[in-house]
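Subject: The structure I promised you

Hi there,

Here is the structure we talked about, ready for you to open. Have a look at it first, and then read on for my notes.

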Amino acid sequence: MKLINMKIWVYLFLLVGIGNFVMMIDTILSEPDQTFSVFSIPTGKWINVGYYGTIALFLIYLGFNENNRINQNEN
């Protein structure tokens, strides 16, 4: 049961990481005069790109790393 719960968390991390990556691409392709915010704090375009990129890389790395650990423990 614990293994199934861990696999669900892995896929959730990967899904949210991919969502953040899509948001980063959306921010890059948006108009430069548009206003942005992170946690209701006004920011610039490149601060948002950095924020989404960092979170996306972190979550995708954790998802793949945990998936590899689970697969090694299964064998």
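What percentage of the 75 residues in the protein chain do buried residues make up? The figure is 28%. Please keep in mind that this is a predicted model.

Let me start with the overall picture. The protein chain contains two helices and two strands, and along the sequence they follow the pattern α-β-β-α. Its radius of gyration is 16 Å, well over the 11 Å that the globule rule gives for 75 residues, so the chain is more spread out than a compact globule. You can see this in the C-alpha trace too, which spans about 55 × 20 × 15 Å along its principal axes. Among contacts with a separation of 6 or more, 63% are between residues 24 or more positions apart.

As for the surface, the accessible area of the chain comes to about 5700 Å², and carbon and sulfur atoms account for 67% of that. There are 4 positive and 5 negative side chains, with the centres of the two sets 15 Å apart.

Next, helix α2, which covers residues 45–74. With 30 residues at 1.5 Å a residue, α2 should span 44 Å, and this agrees with the 43 Å between its end C-alpha atoms. Several of its residues are buried, including Tyr52, Ala56, Leu59, Gly63, Glu66 and Ile70. As a reminder, an α-helix has 3.6 residues a turn, so residues three or four places apart point the same way.

Isoleucine 60 also sits in α2. Its relative accessibility is 22%, so it counts as partly exposed, the cut-off for buried being under 20%. Beyond its neighbours within four places in sequence, isoleucine 60 is in contact with Leu14, Gly17 and Ile18. Isoleucine 28, by contrast, is 32 residues away along the chain from isoleucine 60, and their C-alpha atoms are separated by 19 Å.

Finally, take a look at the loop between β1 (36–38) and β2 (41–43), where you will find phenylalanine 39 and serine 40. Phenylalanine 39 has a phi near 55 degrees, a positive value in a residue other than glycine. Serine 40 likewise has a positive phi, near 65 degrees, and is not a glycine either.

Happy browsing, and write back with any questions!

Best wishes

Methods. Residues are numbered from 1 along each chain as its sequence is written. This is a predicted model: local features need pLDDT of at least 70, side-chain atom pairs count only at pLDDT 80 or more; totals for chains, interfaces and linings use all residues. Side-chain values use heavy atoms; hydrogens and water are left out. Helices (H or I, at least four residues) and strands (E, at least two) are DSSP runs, numbered from the N terminus. Buried means under 20% relative accessible area, exposed over 50%, partly exposed in between (1.4 Å probe, protein chains only). Contact means heavy atoms within 4.5 Å. The expected span of a helix is 1.5 Å times one less than its number of residues. The radius of gyration is taken over C-alpha atoms; the globule rule is 2.2 Å times the number of residues to the power 0.38. Accessible areas come from the Shrake-Rupley method with a 1.4 Å probe; for residues, only the protein chains shown count as cover. Lys and Arg count as positive and Asp and Glu as negative; His and the chain ends are not counted. The place of a charge is taken as NZ of Lys, CZ of Arg, CG of Asp or CD of Glu.
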